[in-house]
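Biologist: Could you take me through this model? I would like to begin with the strands and then move on to side-chain contacts.

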Amino acid sequence: MTKLSELEAILFVVGEEGIGLDELSYLLGAETPQVYEWVGELDKRYEEDENSALNILEVGNHFVLTTKKKFAKLLKKYAQSPISNKLSQAALETLSIIAYKQPITRIEIEEIRGVQSSGSVQKLVARQLIEDKGRVDGPGRAILYGTTDYFMDYFALKSLDELPDIQSMEMEDEEESTDLFFDRYKGKELDTTTEEQE
């Protein structure tokens, strides 16, 4: 296990929120100039490897592991594919948490679910069901997520007040309460004609 592989693992896990140089320095046990050099080295490896779809973006004071621009058309096609249109149970659970707890960070979602949720969050963003509502004031400047107008239209809600009452749902059978949108979502597919966010 090398420092570059450790760096890659961290960048993968933090997802689209990215991570700051100071935190990387702490996690990798090295001075910030050295860590910055490793970031550049790893990005250069990605850039020179034609078989790699990845690169590293420096956004503000954060580093984010992303896909290369040349794959944008392919990934947009995936997002619009009827095959990938149905949301998984994990994505629906994540969407439920965001709907009730918004604005909320990915870390807070994972604390509630007890599992890593970056994939579900990214899928919900791609489906335009959730969006960036700002950032937390403090270390890391984590993204705050909330539901979109498309979410409201898709689930036929005029306001968030129309969401099922959590207290009454807690009285129901556990199996029925795990998917807050099951009745409205079951058998439906997202509208593939909706223009994807750039």
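**Strands, contacts and cores**

Modeller: Leucine 57 stands opposite valine 64 in β3. The model is predicted, so to speak of local features a pLDDT of at least 70 is needed, side-chain atom pairs count only at pLDDT 80 or more, and totals for chains, interfaces and linings use all residues. Residues are numbered from 1 along each chain as its sequence is written, and side-chain values use heavy atoms, with hydrogens and water left out.

Biologist: In which sense do β2 and β3 pair?

Modeller: Strand β2 (residues 54–59) and strand β3 (residues 62–67) pair in the antiparallel sense, over six bridges. Two strands pair if DSSP finds at least two bridges between them. Strands are DSSP runs of E with at least two residues, helices are runs of H or I with at least four, and both are numbered from the N terminus.

Biologist: Which residue takes a positive phi in that hairpin?

Modeller: Glycine 60 does, with a phi near 65°; the hairpin has two residues between the strands.

Biologist: What does arginine 106 form a salt bridge with?

Modeller: Its partner is glutamate 110, and the closest N and O atoms are 2.6 Å apart.

Biologist: Is arginine 106 buried or exposed?

Modeller: Arginine 106 counts as buried, at 5% relative accessibility, and glutamate 110 is buried at 16%. Buried means under 20% relative accessible area, exposed over 50%, and partly exposed in between (1.4 Å probe, protein chains only). Glutamate 131 and lysine 133 also meet in a salt bridge, at 2.8 Å from N to O. Glutamate 131 is partly exposed at 26%, and lysine 133 is partly exposed at 42%.

Biologist: And how many aromatic pairs?

Modeller: The search of the whole structure finds two. One of the pairs, phenylalanine 151 with phenylalanine 155, is tilted, with 5.1 Å centre to centre and 55° between the planes. Rings of Phe, Tyr and Trp (its six-membered ring) pair if their centres lie within 6.5 Å; planes under 30 degrees apart count as stacked, over 60 as edge-to-face and the rest as tilted. Both phenylalanine 151 and phenylalanine 155 are buried.

Biologist: Which residues touch the most other members of the largest nonpolar core?

Modeller: Leu95, Ile98, Leu124, Leu129, Ile130 and Phe151 do, in a core of 22 residues. Helix α5 gives the most to this core, with six residues. A nonpolar core is a set of buried Ala, Val, Leu, Ile, Met, Phe, Trp, Tyr and Cys residues joined through side-chain atoms within 4.5 Å.

Biologist: Finally, which residues of α7 are buried?

Modeller: They are Ser118, Ser120, Val121 and Leu124. Seen down the axis of α7, the buried residues fall within an arc of 165°, so they line one face of the helix; the arc is that of the directions from the helix axis to the C-beta atoms.

Note on methods: Salt bridge = Lys/Arg side-chain N within 4 Å of Asp/Glu carboxyl O.
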